Amino acid sequence: MKDSIIKRLCLTLAAGIFSLPGYVFASGFQLWEQDGASVGNYHAGRAAIAADASTAFYNPAGLVRIPNKQLVLGMDFIRTDFSYDGTIAVDTLTPPTPLPTKAQGGTFNFVPDVHYADPVSNNLFIGLSLVAPFGLKTDYKNDSIVRYAATLTSIKVIDFAPSLGFAINDKWSVGFGLDLEHVTARFDLVTGLFEPITDTSAKNSVDTEGLGYHAGILYQYSPQTRVGLGYQSKVNLRFRHGDSKFSGPLANGIEGGVQESFDLRSDVTLPATTTLSVFHSFNPAWDVMGTVSYTQWKVFKNVIMKNVAGIDLPEVESNSITVTIPQNYRNTWNYVVGANYHFNEQWFFRSGVGYDQTPANNEDRNLQLPDTNRIVLALGGHYQATKTLGFDAGWSHIFRQKVPVDVSQQVGAQLTTTDGNVEGYADVYGFQMTWDIV
């Protein structure tokens, strides 16, 4: 009976993840929200806490601390508010004229997660996770001049991650897992002559699968103190046979209609991340924890899309345009510290503060990925309803730095130049249910 319930819950959450409308970007477009509970301390101590089955993804060596079968169901709601304030100039068939504009690109999205842990023996533990390690969504309205630079940009990464944890002795444990990822991406904009009657939509979408791995080590110095090291590998993605659609009055040699390419291609590498965490319990009331993460974003240099449908003068029309969007990301650091206060046997409260470094540079930052450094404050709590059932809720507020967006992008015959600034903030609301199956 329990197994059938678990299967139904997992299938329901899996369906929810694969129907997601999109995500918010974190550093670059990395997401830290792979469980609901850690939103309350902004993932402080994520590779060392090993408090529930979500450790299977963060550090599979922590599975040795989960004594019973356990199911974790989480849901994070993410609201972003950011805007562009500046000018847009488009050089298609006429000299460019910069026009002032303000545009909002924020969205509201949700990110579910599922984790399951099972102790096979005293030394061997298995885990399963279904999470979203990367994702972004920016959405500028079609009635804004920004539409000539971008409308909808979306990346969704769904990671199915089986894991194993091994207890070497009472202090050391190790873990390893695979990352089976399904990735979809979309890049839309409008081509036109600054006249709505000429606006022609360009929609480009691709999907593929990728394979990576994650691993970890956990050292339990004492019952009160432990240190964890986790690693998520890079994943090489080869997008093939995507769909590029160019529809409107400028399609087909300015005769109107629809042009379509079914051979859109691109190669992208998702970066590796190394995480070092520490957890220490001072007394029955207070715990402290911290995390330092290093993400190797340098592999994300250019987004190159081949066989894009559109206008490519002097050919006028083409289904084989190559679009290059420079990114030239740099490697980044993320720092976070947090604390827990145990009020009684049923309740404890979380807090955290962190700094997330952007991989973007001022020369290549664009409206599709207007990334910035950020400071994060987090609060949350846990309620143990019964011996086997616990609930978590958390909130993280993300302060985003104001940054310039001053870049030119060539898409076929259209050259779009932005000159302005982006600023804003984001809120993440996390919820989790943890069920010990005993």
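Predicted model: local features only at pLDDT ≥ 70, side-chain atom pairs only at ≥ 80, totals over all residues.

I began with Arg374 and Asp371, and found both buried. Their side chains meet in a salt bridge, 2.4 Å from N to O.

I picked out Arg79 and Asp427, whose side chains meet at 3.1 Å, N to O. Arg79 is partly exposed, at 31% relative accessible area. Asp427 has 4% relative accessibility and counts as buried.

I then looked at Asp188 and Arg186. They form a salt bridge, and their closest N and O atoms are 2.6 Å apart. Asp188 counts as buried, at 3% relative accessibility. Arg186 counts as partly exposed, at 33%.

How much space lies in the largest pocket? I noted about 870 Å³. The largest pocket is lined by 40 residues, and Ile49, Ala51, Asp52, Phe348 and Arg350 are the closest to its centre. I sorted the lining by class and got 11 nonpolar, 19 polar and 10 charged residues. I also asked which elements build the lining of the largest pocket. Those that supply at least two residues each include helix H2 (55-58), strand E12 (273-281) and strand E16 (332-342). Strands E17 (347-356), E18 (374-384), E19 (389-411) and E20 (414-437) are also among them.

I searched the whole structure and logged 9 cavities of 30 Å³ or more. The largest cavity holds about 360 Å³. Its lining has 26 residues, and Ile155, Ala185, Phe187, Val268 and Val303 lie nearest the centre. Which strands each supply at least two residues of this lining? I listed E6 (152-167), E7, E8 (200-222), E10 (235-247), E11 (258-270) and E14 (302-310). By class, the lining of the largest cavity has 17 nonpolar, 8 polar and 1 charged residues.

I moved on to the second largest cavity, with a volume of about 150 Å³. Of its 16 lining residues, Gln30, Phe57, Pro133, Phe134 and Gln232 are the closest to the centre. I counted 7 nonpolar, 5 polar and 4 charged residues in the lining of the second largest cavity.

My last stop was Glu181. I placed Glu181 in strand E7 (residues 172-191). Where is the nearest side chain of opposite charge? I found Arg46, 11 Å away. A salt bridge needs nitrogen and oxygen within 4 Å. Glu181 is buried and has no salt bridge. I then listed what Glu181 touches, leaving aside neighbours within four places in sequence. Pro133, Val157, Ile158 and Asp159 are among its contacts. Thr208, Glu209, Gly210, Val235 and Leu270 are also in contact with Glu181.

Conventions:
Residues numbered from 1 in each chain as written. Heavy atoms only, no water. Helix = DSSP H or I, 4+ residues; strand = E, 2+ residues; numbered from the N terminus. Buried < 20%, exposed > 50% of the residue type's maximum accessible area, 1.4 Å probe, protein only. Lys, Arg positive; Asp, Glu negative; His and termini not counted. Contact = heavy atoms within 4.5 Å. 1 Å grid on protein atoms, 1.4 Å probe; cavity = no way out; pocket = protein on both sides within 12 Å on 5 of 7 lines; lining within 4 Å. Points joined across faces, edges and corners; volume = space filled by probe spheres on them. Nonpolar A, V, L, I, M, F, W, Y, C, P; charged D, E, K, R; others polar.
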